Amino acid sequence: MAEKVRNICVYQEKVVNLQRNLTYHTNHFNYMNILYIIGNGFDIAQGLKTSYKDFEKWYKTQPTTNPILMQFKSDMNPDLEFWSDLEVALGKYVSKLNSIADFDTIYDDLTSSIEVYMNSQNAFFKVTNESINRYRKEAAFPDDYLEPADAEPIIRYIFGSSKARNVDITISAINLNYTSTFDKAIGFGNRGANLYPRRSCEMGEICHVHGALNDLPISLGVDSIEQIAHYEFRQEKLIVNALVKPVHNEVIRKNRAVHAMRLIDSAEMFVIFGSSIGDTDRTWWRAIYNRMMDGKSIPLIICNYTGEQRNVRKLYQWLPEEIEKTKQKFYHAIVDDKLEINKVRNYLDNRIMVALDKSMFQRKKKENLVPEDKN
């Protein structure tokens, strides 16, 4: 059983290598595919209370008479910060359970509660044509949110020279969220191009690789069987099918992982926005790394918003440190071994740019966000 599960987990990484017949364009693009990986930070930037801490606070107030759920809620660690932390904790928590039935009770209640809570938050986010145009323009120009020294190689990569040159940008996304806020903000489904100086922007595809509120079931759990702390439960098919996300994607037959891998394999630039880059999504970070190894010039922009107030006169002090911390997070999400991390770093370091505490995708108070026209 364990060996079969490992093979399934490895499968998603190998999908990339099965699709190498795609033509790769380097420098001097007539068009470019930018792939966004969107995490919960996007929803938070819109003022929605979708953080794990917000959910946990609400979840613990929901009444239950089931002793298994009462104990689970009591045991939930209040110090966890990200959704990926919950997934890691869930993989460890199974070691406290006595039966598959106990796990099923917790998993069903937790995922159904997430759906209820996220639906309530998803309903708050409304868009206008004006806001869609702004979000789309920001998505087409991620280099605008980099420091000049980091933006320059991105611009050279896109245009091949410093001379003005028009390029068609296609925006696609792997959405790690269950909500549809990013889908609505960018206007996926409306494929009409928006023309900007030097770039035109057209909407490509979006993949909710963990499922969505309108595409159940959602996936919640760990990235590999080794992240399940209970050794005996690693042999239990029902638990593995539910808790190991690559396996869950495989058994529900929705091809979410195949879709995501296809988007990664055709990407010519990556932008990670609002994600904690946790170990429970290691499959996707490794797939991005593999694509960057295949495309020798492909860059990655990581948007890291800390919200901290910093002394700009001490930019020399904190900026290099924060950039390095952000890069290290990505390296550690790919591999564990120190020597392997150094290899990854040496290969990718000059192609990873960090946009730190920028205003990209931040909801503007002046915008009049009203309900979408359903007619």
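Strands S5 (residues 269-273) and S6 (residues 300-304) run parallel and are joined by four bridges. One of the pairs to look for is Ile272, whose bridge partner in S6 is Ile302. Keep in mind that this is a predicted model. As a bit of background, the strands of a sheet pair through backbone hydrogen bonds, in either a parallel or an antiparallel way.

Now zoom out from that pair. S5 and S6 belong to an open sheet of seven strands, and if you walk across it the order is S3-S4-S2-S1-S5-S6-S7, with mixed pairing. At the edges sit strand S3 (194-196) and S7, each of which pairs on one side only. From one strand to the next, the twist averages 25°.

Helices pack on this sheet too. Helix H7 (residues 129-140) touches strand S1 (31-38), strand S2 (167-175), S3 and S4, and its direction makes about 55° with that of S3. Helix H14 (residues 315-334) lies across S5, S6 and S7, running at about 125° to S7.

Next, a few spots where the backbone does something worth a look. A cis peptide bond joins Leu216 to Pro217, with omega at about 5°.

Further along, Arg253 lies in the loop between helix H11 (245-251) and helix H12 (256-266). Arg253 isn't a glycine, yet its phi is positive, about 65°. This residue is exposed, with a relative accessible area of 65%.

Asp357, in the segment after strand S7 (352-356), also isn't a glycine and has a positive phi, near 55°. Asp357 counts as partly exposed, at 22% relative accessibility.

Technical notes. Residues are numbered from 1 along each chain as its sequence is written. This is a predicted model: local features need pLDDT of at least 70, side-chain atom pairs count only at pLDDT 80 or more; totals for chains, interfaces and linings use all residues. Side-chain values use heavy atoms; hydrogens and water are left out. Helices (H or I, at least four residues) and strands (E, at least two) are DSSP runs, numbered from the N terminus. Buried means under 20% relative accessible area, exposed over 50%, partly exposed in between (1.4 Å probe, protein chains only). Two strands pair if DSSP finds at least two bridges between them. Axes are lines fitted to C-alpha atoms, for helices over the stretch in contact, and angles run from 0 to 180 degrees between N-to-C directions. Contact means heavy atoms within 4.5 Å.
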